[in-house]
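Hello,

Here is the structure for you to look over. My notes follow below it.

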Amino acid sequence: MTDQHHRACGRPTRSGRPCKIRISGSDVACGTHATEQDKAVAEAHRRGWNEGFASGKESSARLSRSRVERLEQRVKELEEELDSSKRVYEIGGHQVVDVGGYAYRWRGSTPLEVGDRVLLPENYVSRLKYGPGPTQGVASKLGTTYRGPLSDIVSRAPAPGE
């Protein structure tokens, strides 16, 4: 069996022997022996091959995107399921809220809600970033999955303009 990608032309030369010029791909004869019809057939084959390759590539990309989206959605669902099973809303009888990605304990008499502005205690980073004293934050979630020690919220922040 001959390799179809690199083969000899094979058309008869003036001496009657088969042409030994190497051809490849869609060509059916070398440049010397190819007719206009041979060239048209080779061009049509190349065009069809390229369009098929591009179509297959796009189809594969769509399938990959679809798989990634499904996997991302499944991961999100599993994270939410795990979060809801491990989330606690009170520790030691005090409300726990998330402020800026960190969990804090609220010892106030009225519970906080998402969107409430609060004053957070000073820490090393806040002192460097904002200077000494408490910093303002906004409660973004109720509860936490964090199981370590929690800082206490200093107080509710005054409303803007007070």
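**What turned up**

Glu81 is exposed, with a relative accessibility of 51%. The cut-off for exposed is over 50%. This residue belongs to helix 1, which runs over residues 36-86. His45 sits 36 residues away from Glu81 along the chain, and their C-alpha atoms are 53 Å apart. Please keep in mind that the model is predicted.

**Cores**

The largest nonpolar core holds eight residues: Val97, Val99, Tyr104, Trp106, Leu112, Val118, Leu120 and Ile153. At least two of its residues come from each of strand 4 (94-99), strand 5 (102-106) and strand 6 (117-120). A second core is separate and has six residues, among them Cys19, Ile23, Cys30 and Ala34. In general, nonpolar side chains in soluble globular proteins tend to be buried together.

Val118 is worth a look. Setting aside neighbours within four places in sequence, Val118 contacts Val99, Leu112 and Ile153, and its other contacts include Thr135, Gln136 and Gly137. Ser155, Arg156 and Ala157 are also in contact with Val118.

**Salt bridges**

There are 13 salt bridges in the structure.

- Glu58 and Arg62: the closest N and O atoms are 3.8 Å apart. Both residues lie in helix 1, four residues apart, or about one turn of the helix. Glu58 is partly exposed at 37% relative accessibility. Arg62 is partly exposed too, at 48%.
- Arg87 and Asp83: the N to O distance is 2.9 Å. Arg87 is buried, at 13% relative accessible area. Asp83 is partly exposed, at 25%.
- Asp152 and Arg105: the N to O distance is 2.7 Å. Asp152 is in strand 8 (residues 151-152) and Arg105 in strand 5, so this pair ties together parts that are 47 residues apart in sequence. Asp152 is partly exposed at 28% relative accessibility. Arg105 is buried, with a relative accessible area of 17%.

There is also a network. Asp27, Glu43, Arg46 and Arg47 are joined into it by salt bridges that share partners.

**Surface**

Which residues form a nonpolar patch on the surface? They are Tyr89, Val114 and Leu142, with about 280 Å² of accessible area together. Leu142 lies in strand 7, residues 135-142. Its relative accessible area is 33%, so Leu142 counts as partly exposed. Patch residues need over 30% relative accessible area, and Leu142 has 33%.

Best wishes

Note on methods:
Residues numbered from 1 in each chain as written. Predicted model: local features only at pLDDT ≥ 70, side-chain atom pairs only at ≥ 80, totals over all residues. Heavy atoms only, no water. Patch = residues over 30% accessible without salt bridge, like charges linked within 9 Å, V, L, I, M, F, W, Y side chains within 5 Å. Areas by Shrake-Rupley, 256 points an atom, 1.4 Å probe, with all protein chains shown as cover. Salt bridge = Lys/Arg side-chain N within 4 Å of Asp/Glu carboxyl O. Buried < 20%, exposed > 50% of the residue type's maximum accessible area, 1.4 Å probe, protein only. Core = buried A, V, L, I, M, F, W, Y, C linked by side-chain atoms within 4.5 Å. Contact = heavy atoms within 4.5 Å.
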